[in-house]
Amino acid sequence: MRILWKLLSGLVVSLVVCMPGWLRAADMLPIFDAHVHYSEEAWQRMPPKEAIALLRENVQRSPRFVASQVSLAETLEAEGDAVGAAQAYRQVLQSAPNYVGARLALARLLLSAGDLAGAAEQAQQSGDANAIGLELLGDVRTKQSLAADARTAYQAALALKPERAERKRIEAKLKAVR
């Protein structure tokens with residue numbers, strides 16, 4: 001199955017990149033969009049700047065197609081454009097306010113940028129049943145020197161019984177809070 005997936009994603013990229021002029025890549029953006037972030041071959045055949053341009057065009061053409069918005073945000077983030085990625089994640093959240101992954105990615109970006117209030121707001125909006133959101137909230141509270149609030153957030157995250165790697169990371173953060 002994995003080989004078939006790789007073959008299909010490579011085929012889509014080949015069609016998009018090597019297509020004759022009468023059928024431009026932009027005409028197949030929804031198909032390309034679904035594969036650009038996940039296919040290593042796509043990055044080898046199309047530089048990230050070109051992929052970003054195609055994704056932006058796709059978002060403009062189909063503003064309600066959330067997958068395009070997410071792909072654009074993830075690609076911008078991967079390319080180091082934190083401001084552009086944050087803007088794209090906000091657009092995702094306008095279209096799909098309950099998209100927790102986008103909310104957490106935005107919270108992480110805001111935390112990295114030093115916008116602690118914005119990061120806290122996004123982490124809190126991810127819900128009390130999300131260990132990663134609670135961990136991010138703990139990180140924000142730690143940076144705000146609110147040790148008791150940070151401990152509470154980390155303990156709440158641990159109470160949700162996260163996966164082993166997440167649990168170990170959160171436990172280490174909880175132990176480090178003074």
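Axes are lines fitted to C-alpha atoms, for helices over the stretch in contact, and the angle between two of them runs from 0 to 180 degrees between N-to-C directions. The exercises below concern a predicted model, in which local features need pLDDT of at least 70, side-chain atom pairs count only at pLDDT 80 or more, and totals for chains, interfaces and linings use all residues. Residues are numbered from 1 along each chain as its sequence is written, and side-chain values use heavy atoms, with hydrogens and water left out.

**Exercise 1. Describe the overall make-up of the chain.**

Step 1. Helices (H or I, at least four residues) and strands (E, at least two) are DSSP runs, numbered from the N terminus. By this rule the chain has 11 helices and 0 strands.

Step 2. Buried means under 20% relative accessible area, exposed over 50%, and partly exposed in between (1.4 Å probe, protein chains only). Of the 178 residues, 42% count as buried.

Step 3. Contact means heavy atoms within 4.5 Å. Among the contacts with a separation of 6 or more, 43% come from residues 24 or more positions apart.

**Exercise 2. Determine how α9 and α11 are arranged.**

Step 1. The axes of α9 and α11 come within 11 Å and cross at roughly 20°.

Step 2. Angles under 35 degrees count as roughly parallel, over 145 as roughly antiparallel, 65 to 115 as roughly perpendicular and the rest as oblique. The two helices α9 and α11 are therefore roughly parallel to each other.

Step 3. A crossing is left-handed if the near helix is turned anticlockwise from the far one by less than a right angle, and right-handed if clockwise. The crossing of α9 and α11 is left-handed.

Step 4. On the α9 side, Ala-131, Ile-132, Glu-135 and Asp-139 take part, and they meet Glu-166, Arg-169, Ile-170 and Lys-173 of α11. For the classes, Ala, Val, Leu, Ile, Met, Phe, Trp, Tyr, Cys and Pro count as nonpolar, Asp, Glu, Lys and Arg as charged, and the others, Gly among them, as polar.

**Exercise 3. Carry out the analysis for α10 and α11.**

Step 1. Helix α10 (residues 147–159) packs against helix α11 (residues 164–176) at an angle of about 155°, and their axes are 10 Å apart. That makes α10 roughly antiparallel to α11.

Step 2. The handedness of the α10 and α11 crossing is left-handed.

Step 3. From α10, the contact draws on Arg-151, Tyr-154, Gln-155, Ala-157 and Leu-158, and from α11 on Arg-167, Ile-170, Glu-171, Lys-173 and Leu-174. Sorted by class, the residues in the contact of α10 with α11 are 5 nonpolar, 1 polar and 4 charged.

**Exercise 4. Identify the nonpolar cores and their contributors.**

Step 1. A nonpolar core is a set of buried Ala, Val, Leu, Ile, Met, Phe, Trp, Tyr and Cys residues joined through side-chain atoms within 4.5 Å. The largest one has 30 residues, of which Leu-72, Leu-76, Tyr-89, Leu-106 and Leu-136 touch the most other members.

Step 2. At least two residues of this core come from each of α4 (48–61), α5 (66–78), α6 (82–95), α7 (100–113), α8 (116–125) and α9 (131–143). The most is given by α7, with 8 residues.

Step 3. Apart from this core lies another, of 9 residues, including Leu-134, Tyr-154, Leu-174 and Val-177.

Step 4. Returning to Leu-72, and not counting residues up to four places away in sequence, its contacts are Ile-52, Leu-55, Arg-56, Val-59 and Ala-88.

**Exercise 5. Locate residues with a positive phi.**

Step 1. Just after α8, Gly-127 has a positive phi of about 105°.

Step 2. Ser-145, a residue other than glycine, has a positive phi near 60°. Ser-145 lies in the loop between α9 and α10 and is exposed, at 65% relative accessibility.

Step 3. Lys-161 is not a glycine either, yet its phi is positive, at about 55°. Lys-161 lies in the loop between α10 and α11 and is exposed, with a relative accessible area of 70%.
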